[in-house]
Amino acid sequence: MLIWILADGNISKYQAYKTLIARFGKEYPDLKVSFEIKSKNTLWKTFFRFLRDPKRNPLADIVEIPHSWTSLFSKLGLFLELEPILGKIKIEDYPHFLVPAMRAEDADRIFSIPLWVEAQSLQYRKDMLKEFSSINMSMLSWQDLLDICSALKKKNKKKDFYPLDNFNPSVIDSDDVLSCVLNRGGLGYFSKDLGSCDILKDETISGIEDYFELFKLGYMPIFQENFHEAAFIGSGLSAMTFSWRMPIKIGKSVMQTALMPAMRRRTNVVRSCNLAVSCNCKEIDESGVFINWLMEYENASFLRKQIGVFPAKEKELKKQEDLPQAYREIFASVSAISNFTVYPTFEKILSSALFDTSVDLARGDYQRENLIKRLMLVKGETDYLLSIY
Amino acid sequence: MKDIENRKNLGEEDFFKKISSVAYQESGCDGVSVFHCLHEKGFLKGLYKYSRGFFYEFSEYIFFEGKEYFRHSVLSKRPFWDKVSHVWYYYYPVEIKGDFDLSGFSRENIVFFRFEKLYGSKPSSRKLEKAKEVVKNGMENFYQVDFEILKTHYYQSINTLARLGEIFASSIKTEDSYKTIISGLQKHFGFDRIRFYVVKENEKKLVGAYSVDVSGKVKSIDYDRIILEPGSHRFADIVLEKTQQDYSRIYGDKVFYLPLKKENRPMGLLIFDNLLSQIPISLEEKDMLKSFSSQIAMAIDNINLFNKIEELSLYDELTGLPLRRYFNSRFQEEFYRAERFSQPLSILWIDIDYFKEINDTYGHQIGDVALKEAGRLINSSLRKIDFPCRYGGDEIIIMLPQATYTEAINLGRRLLNEIKNVMIPVPFSSNKEVKLTLSMGVASYPADALKPEELLAKADEALYWVKSHGRDSIKAYCEIKSPQGS
């Protein structure tokens, strides 16, 4: 059976899968499992190619997906319902914020199962922020963050030094910016009833601009060579980063974690990586055996630890004794990125608008009205899609 | 590298996997990345990476701004070293021969291979040279990959053209011709959504026909009716070519409008969109669709013509009433329905009195006017569910679903009275006007007959009775068979 896994900046993920598949092979010598790595973009295109010409574009048996894709692709008939394959899934085992991420919009049936959770936080090197030791990092306002960046930038004249590292090699995506939108008091990208796209609201635009300001002021790299794994922060070329993963170890010490700036009173954003069985699956029973095996505590936690992510089951999430305090606060008030039919397309349209704006920025040609024009198109297309899907 | 040379059908991904894995082993580096150079946009876009036994796609962008050595390398095609913190990078630009268009490659085909070495010294020059040799030789074969893909694509296109041509040509004779066209287009091109609008010349409207989605589900969109006037709607403007706006610029490559015309007459509009998937509609697809537009317009014209011919073959041109063939099929259906739901069904058989004499005395033109007037009067006096028919000569039959013989007689009497008001002027004759009268026979299901042909025969019998008893009257079969009637 073939599994498609999502490409990741952390190569340990591939190593972990390789190890797990070898272990599985020992336990189930008759079942052959292999995996291929697909970028989010390629996976997206492959799904649509399959819809158009399934014979020429077959899908893998099992696919790893961002949870927000569940609704769209199960509606388009690409995923099989999981309970007949995996057996009864205990919904109560999963935290409340992940349950909607497992189902298609307006359906009770489960089409994807979360493998792990990611939560956005501010991570920093304590050794590089000594002079700010009096500041409670989890209480930072956005302005505090800018002040710290400014002070660090003035102090550090090293070539390629940026106060904030950018872990996202594709520059900016809609997930990264969402916290900034929430910081500004926005509800997110959509109206409460999900009937319209709120991207042109003042607080949303200001949130997006906040994020861009970090690039504009030279506090975060844009279109920069990305380092093998430890990135800028590992080599002391950055002091802080926004990260969706657990803090990494630098030398002997682990990085510190804080809530995203200005997030104390707000809902934190999380996302999960889910597994789905494709409608093209040739080995349905075997796929069920593999997924159930992978979800066993020992195997799932091995994978999670290698990648630096959080468990998707509530008990395990609560049990994590070594979890930094900041994460306890984050998980006390979270909501997952939306999972409704139009959301993944919206994400793509917005990310493309953000990419084009990043290009303007890198060329020193950033203009607010261009950003607004792009966001108007995002709203137009998204509202249209909302009206038909 | 023999594998690459031997495998003509290697796809792009497999090709780069092979080449980068061999280059990785030869170079002794920690990673080999493949970038596509988008010189005009001013950055490198990461495509694939091979590192520690894994080959994967990655999405790193390197902008040339402030790094002029990249531009210099692109122009001179010379490799260069770069170092960021503890990582050594060796960028090796390779120009690709061939005329391919994969992954959005532009015609200025330069791929950068980046050799990455973490910590310590630069990778050994000797090993790098070997790796470069692998890349250089391997990329020589890229055109084969490209050629194979283009060849496959070409054959697919030819196939599509041929099949769609057949579909358009054969679509005229199906009741769901528009559905056939739109499904054919969806099957062969595969868009997220196609909408099909047809111009209704008589209504001066652009009317929705069907839409089809990515999973092939076809839906009627006949609720969508757009007034075909400049400024009324952007679709109308596009069809009438009255728009200055370039809508493809607004929606990027995700929407394509294809107005359909025949001899400058607007016939319809096809709208293709990939808004859900955000996958651009390629220029090649647009060109192919454009080349089909005249065929589709012709198919629509043929469909309209076919409908017109069908209308002519089903309706009598003179009276506007359906002809006998059409009546027979409807009569069978209605009779079956009456039987199934135990409802009455009546037949009113009408004959224009002395029609032959009118023709012989005043000529066929006056006879035609008499028929026309009778047809007009009948058409305007019926309920929506009633079905009249010119059965032959001067005989007209009206089928009255859910009507008992009493209701049929009432209608008949009304017609008898109203026809008396019809005066047909006769030029060059001493009699200035011809007055018409009618004879009518009625039979009803289930009272008079239990079979369709029997019902017609009984109505005819009733009519014969009226004609043989002085005309200008109406009788039901049950009346002529009762003691008083006979």
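Is Leu38(B) buried, partly exposed or exposed, and how many other C-beta atoms lie within 10 Å? I note before answering that this is a predicted model, so what I write down is computed from predicted coordinates.

**Entry 1: Leu38(B)**

I counted 17 other C-beta atoms within 10 Å of Leu38(B), which makes it partly exposed, because a residue needs 20 or more to be buried and 12 or fewer to be exposed. I placed Leu38(B) in strand β1 of chain B, which covers residues 31-38.

**Entry 2: Ala131(B)**

Ala131(B) counts as buried, because 25 C-beta neighbours lie inside 10 Å. Leaving out residues up to four places away in sequence, I listed Ala23(B), Glu26(B), Ser27(B) and Phe115(B) as the residues that Ala131(B) touches. I also looked up Ser33(B), which is 98 residues from Ala131(B) in sequence and 13 Å from it in space, C-alpha to C-alpha.

**Entry 3: helices α12(B) and α13(B)**

I looked up how helix α12 of chain B (residues 364-381) meets helix α13 of chain B (residues 405-419), and found that their axes come within 11 Å and cross at roughly 140°. That angle makes α12(B) oblique to α13(B), because only angles over 145 degrees count as roughly antiparallel. I recorded the crossing of the two helices as right-handed. On the α12(B) side the contact is made by Ala374(B), Leu377(B), Ile378(B) and Ser381(B), and on the α13(B) side by Leu411(B), Arg414(B), Leu415(B), Glu418(B) and Ile419(B). Sorted by class, the residues of this contact are six nonpolar, one polar and two charged.

**Entry 4: chain B as a whole**

For chain B I noted 15 helices and 20 strands, and I found that 38% of its 486 residues count as buried. Among the contacts in chain B with a separation of 6 or more, 56% are between residues 24 or more positions apart. The chain is divided into domain 1 (2-140), domain 2 (150-312) and domain 3 (324-481), and I read 88 Å between the C-alpha centres of domain 1 and domain 3 of chain B.

**Entry 5: the domains of chain A**

Which residues make up the two domains of chain A? I wrote down 2-118 + 270-326 for domain 1 and 148-244 + 341-388 for domain 2, with the C-alpha centres of these domains of chain A lying 27 Å apart. I found 11 residues of domain 1 of chain A in contact with nine residues of domain 2 of chain A. Helix α3 of chain A (residues 70-75) gives the largest share of the domain 1 side, three residues, and that side has three nonpolar, four polar and four charged residues.

**Entry 6: where chain B touches chain A**

I finished with the contact between the chains, which takes 30 residues from chain B and 34 residues from chain A. On the side of chain B, the elements that give two or more residues are β2 (43-51), β3 (54-57), β4 (61-63), β6 (87-95) and β7 (110-118). I sorted the residues of that side of chain B into 15 nonpolar, nine polar and six charged.

Methods: Residues numbered from 1 in each chain as written. Chains lettered and ligands numbered in written order. Predicted model: local features only at pLDDT ≥ 70, side-chain atom pairs only at ≥ 80, totals over all residues. Axes fitted to C-alpha atoms, helices over the stretch in contact; angles between N-to-C directions. Helix = DSSP H or I, 4+ residues; strand = E, 2+ residues; numbered from the N terminus. Parallel < 35°, antiparallel > 145°, perpendicular 65-115°, else oblique. Left-handed = near helix turned anticlockwise from the far one by under 90°. Contact = placed C-beta atoms within 7 Å. Nonpolar A, V, L, I, M, F, W, Y, C, P; charged D, E, K, R; others polar. Domains from an automatic or database assignment.
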